[in-house]
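Hello,

Here is the structure I promised to pass on. Please look it over before reading my notes.

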Amino acid sequence: MPFRLLSIEYANKLGSVVVASAGNDSIDVSNKSELNNFLKKKYAEEGKTFNGGGIEAPGELPGVVTVYNAVK
């Protein structure tokens, strides 16, 4: 089992609630191409370079509560 899953499971067993922000960028993180293009653009705006690939977002992992802010 990957370390991040073990860490979340351990925190849950101790009674912690693991929370991840979903963000407000409307990115489909399951679409690796869309995620990587977003990250490259985001980092470029900050004068940085993004090389590599995005990974599974914590909010998609079991045992994690995902929150977001909806503005009406």
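The notes below go from the whole chain to single residues.

This is a predicted model, so to read it: local features need pLDDT of at least 70, side-chain atom pairs count only at pLDDT 80 or more, and totals for chains, interfaces and linings use all residues. Residues are numbered from 1 along each chain as its sequence is written, and side-chain values use heavy atoms, with hydrogens and water left out.

**Overall**

The chain has two helices and two strands. Their order from the N terminus is α-β-α-β. Helices (H or I, at least four residues) and strands (E, at least two) are DSSP runs, numbered from the N terminus.

The chain has 72 residues, and 14% of them count as buried. Buried means under 20% relative accessible area, exposed means over 50%, and partly exposed is in between (1.4 Å probe, protein chains only). The accessible surface of the chain is about 5600 Å². Carbon and sulfur atoms hold 55% of that surface. Areas come from the Shrake-Rupley method with a 1.4 Å probe; for residues, only the protein chains shown count as cover.

Contact means heavy atoms within 4.5 Å. Take the contacts in the chain with a separation of 6 or more: 57% of them join residues 24 or more positions apart.

**Salt bridges**

Side chains of opposite charge can pair when their charged atoms come close. The search of the whole structure gave two salt bridges. The criterion is a side-chain nitrogen of Lys or Arg within 4 Å of a carboxyl oxygen of Asp or Glu.

Lys13 is exposed, at 66% relative accessible area. Glu9 is partly exposed, at 35%.

Another salt bridge links Glu46 and Lys48, where the closest N and O atoms are 3.3 Å apart. The side chains of Glu46 and Lys48 also make a polar contact of 3.3 Å. A polar contact is a pair of N or O atoms within 3.5 Å; within protein, one must be able to donate a hydrogen and the other to accept it, and residues adjacent in sequence count only if both atoms are side-chain atoms. Glu46 sits in the loop between α2 (32-45) and β2. Glu46 counts as partly exposed because its relative accessibility is 45%. Lys48 is partly exposed too, with a relative accessible area of 46%.

**The loop, further on**

Asn51 also lies in the loop between α2 and β2. Asn51 is exposed, at 67% relative accessible area. Asn51 and Asn36 are 15 residues apart in sequence, and their C-alpha atoms are 8.9 Å apart in space.

Val65 lies in strand β2 (residues 64-67). Val65 is partly exposed, with a relative accessible area of 41%. Which residues does Val65 contact, leaving aside its neighbours within four places in sequence? They are Val17, Val18, Val19 and Ala20. Val65 and Val18 are 47 residues apart along the chain, yet their C-alpha atoms are separated by 6.1 Å.

Val65 is also part of a nonpolar patch on the surface, together with Val17, Val19 and Val67. The patch has about 330 Å² of accessible area. Patches are made of residues with over 30% relative accessible area and no salt bridge: like charges are joined within 9 Å, nonpolar side chains (Val, Leu, Ile, Met, Phe, Trp, Tyr) within 5 Å.

Best regards
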